[in-house]
Amino acid sequence: MNCLSTEEMHDFIDGRIEDNKMMQIDKHIQSCATCSALLDEQLATEQLISSLFPPVHVDDSFTNQVMNQLPKKKTSLTKKRDWRATFVAVAFVTAALLFLVFSTMQQEPTTSSTPITIKVKDVKLTDAYITVTLATSGYNGDENFFNEATVGDVALVLPSGKSEIASYTAEQSMNEIKFEFPLFNVTHDKFKLLFNYQHIYDVDGQWTFEVPIDRKELLAQTETVTLRSAFEKDGVDVNFIRAQHGPQNSLFKFETKFTEDMATFVEQQVEKFTSDLPLAEKEAYAGYNAQILYDVIDADGQKLQRSMPEDNVNIQNDRYAHTETISAYPSVKEGGYIAVTGAKFELPTNVRHPLTLDQLPYSFTYKDTVYEVKLLTNQRLEISSDAKATTINDWHITVNNKPAWDTSRVRKDKEKQYTTITFDKGIQLDSFILYGQTELQYVYFDEPVRVDIR
């Protein structure tokens with residue numbers, strides 16, 4: 001397909017193209033750098049028009065008159081197009097409406113904050129993950145896309161219309177966020193990722209859009225192998241479930257859990273560190289994880305580097321602390337094995353600090369690492385420490401012997417690890433107790449345990 005002219009791009013934006021050709025053009029735009037840049041330029045132009053004409057206050061009758069005059073075709077087409085066409089149409093209609101209102105009213109516009117827009121910058125599909133990168137514009141504050149007030153979710157919508165919450169990891173910068181969705185347990189050829197947010201950064205609004213996914217060709221090239229391998233060693237019980245070998249990646253799913261002896265040891269540790277605590281605080285110590293340490297070796301004996309981030313699914317519903325792990329490496333279809341070298345445990349600590357607001361900011365040292373505690377705005381507390389040296393993996397807060405926190409988020413940069421805790425609404429923060437729940441301990445086997453992946 002040839003590249004689009006400016007006029008053809010306008011027709012695409014305005015919806016003056018038949019649906020079957022619309023899909024062909026959209027597919028071309030996503031694969032063509034020139035047309036993609038032209039589309040981005042048109043979108044930026046519409047955003048500029050929008051910013052030049054801020055909204056003004058008008059009564060409902062005037063708004064209804066304007067809305068009735070808008071072409072009906074554009075409204076219906078936004079439901080049929082995928083994310084690119086939807087964004088363009090919304091931006092164009094919004095800009096046109098603002099221009100019409102402003103030019104008709106002929107009065108001094110009121111000032112307002114710049115509207116935040118979200119654009120799907122990139123979508124990448126492998127046999128292991130979907131990576132969706134979103135870029136935002138119109139926000140100049142200092143909040144991250146995700147913060148304690150973020151309201152929204154991402155759903156996986158099947159062709160039948162049934163939806164379920166999609167699991168993902170996310171990396172964010174100030175004006176960009178990258179989602180990674182593991183596909184190990186997703187067997188559908190086609191589905192959609194539905195993004196729906198009502199609050200991002202520190203702004204309320206409504207951001208809803210879909211990203212269609214078609215992975216039929218990848219699934220046709222994917223081989224699934226049942227791994228009947230299990231062992232118990234040094235307090236951890238490991239069960240390998242299955243491997244999935246695709247054209248680009250090999251994925252492995254396995255579960256770990258504490259043995260009876262390790263579960264008893266953990267309970268003893270909990271009792272040691274909570275013996276003098278009120279019952280309400282003791283109940284906060286629940287669920288500790290065991291994870292294995294391993295390498296993937298290919299048919300040539302080379303150790304492979306993980307190609308995708310490890311996705312740990314923690315099931316903390318009994319004393320044995322189940323952990324399901326999904327991980328991805330370069331494809332090892334031709335053979336190879338897993339060498340299990342040890343285990344990593346999360347065990348409780350004895351870090352406990354009664355604090356009052358006038359003591360903040362506050363710092364203390366635990367195992368040669370300095371932890372700094374400070375109060376943020378909007379009922380939030382931040383604990384920071386050296387990213388490489390920190391051993392405490394979890395933090396909790398109680399007020400009057402009851403858990404007093406709502407959400408906890410962890411982020412890292414090259415130097416620091418930050419845990420931000422949001423207090424429950426209505427909590428009086430005159431005094432509270434901060435305690436570290438878990439730290440990591442490592443056990444390395446004398447000899448690696450070999451697990452064949454075929």
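Predicted model: local features only at pLDDT ≥ 70, side-chain atom pairs only at ≥ 80, totals over all residues.
How many bridges join strand β12 to β13? There are 2, and the two strands run antiparallel.

- β12 covers residues 290–298, and its residue Ile297 has Lys303 of β13 as bridge partner.
- These two strands belong to an open sheet of 4 strands, ordered β13-β12-β16-β26, with antiparallel pairing.
- At the edges of this sheet stand β13 (303–304) and β26 (438–452), each of which pairs on one side only.

**The sheet that starts with β1**

- Another open sheet has 4 strands in the order β1-β2-β6-β5, and here too the pairing is antiparallel.
- Its edge strands are β1 (117–125) and β5 (169–172); each has a single partner strand, so one side of each is left without a neighbour in the sheet.
- From one strand to the next, the twist averages 20 degrees.
- β1 meets strand β2 (residues 129–137) through 8 bridges, the two running antiparallel.

- Strands β23 (residues 405–412) and β24 (residues 416–423) pair in the antiparallel sense over 7 bridges.
- The two form a hairpin, with 3 residues between β23 and β24.
- Lys412 has Gln417 as its bridge partner in β24.

**Charged residues**

- Searching the whole structure gives 8 salt bridges.
- One of the salt bridges links Lys121 with Glu176, whose closest N and O atoms are 3.0 Å apart.
- Lys121 sits in strand β1 and Glu176 in strand β6 (residues 176–182), so this pair ties together parts that are 55 residues apart in sequence.
- Behind such contacts is a simple rule: side chains of opposite charge can pair when their charged atoms come close.
- On the surface, Glu232, Asp234, Asp261, Asp446 and Glu447 gather in a patch of negative charge.
- Among the members of this patch, Glu232 lies in strand β9 (residues 223–233), while Asp234 lies in the loop between β9 and β10 (236–245).

**Backbone details to check**

- Asp234 is a member of the negative patch and also has a positive phi of about 50 degrees, although it is not a glycine.
- Which peptide bond is cis, with omega near 0 degrees? The bond from Leu360 to Pro361 is the one to look at.
- Pro361 has its place in the loop between β17 (352–356) and β18 (362–366).

Conventions:
Residues numbered from 1 in each chain as written. Heavy atoms only, no water. Pairing = 2+ DSSP bridges. Axes fitted to C-alpha atoms, helices over the stretch in contact; angles between N-to-C directions. Patch = residues over 30% accessible without salt bridge, like charges linked within 9 Å, V, L, I, M, F, W, Y side chains within 5 Å. Areas by Shrake-Rupley, 256 points an atom, 1.4 Å probe, with all protein chains shown as cover. Salt bridge = Lys/Arg side-chain N within 4 Å of Asp/Glu carboxyl O. Lys, Arg positive; Asp, Glu negative; His and termini not counted. Charge placed at Lys NZ, Arg CZ, Asp CG, Glu CD.
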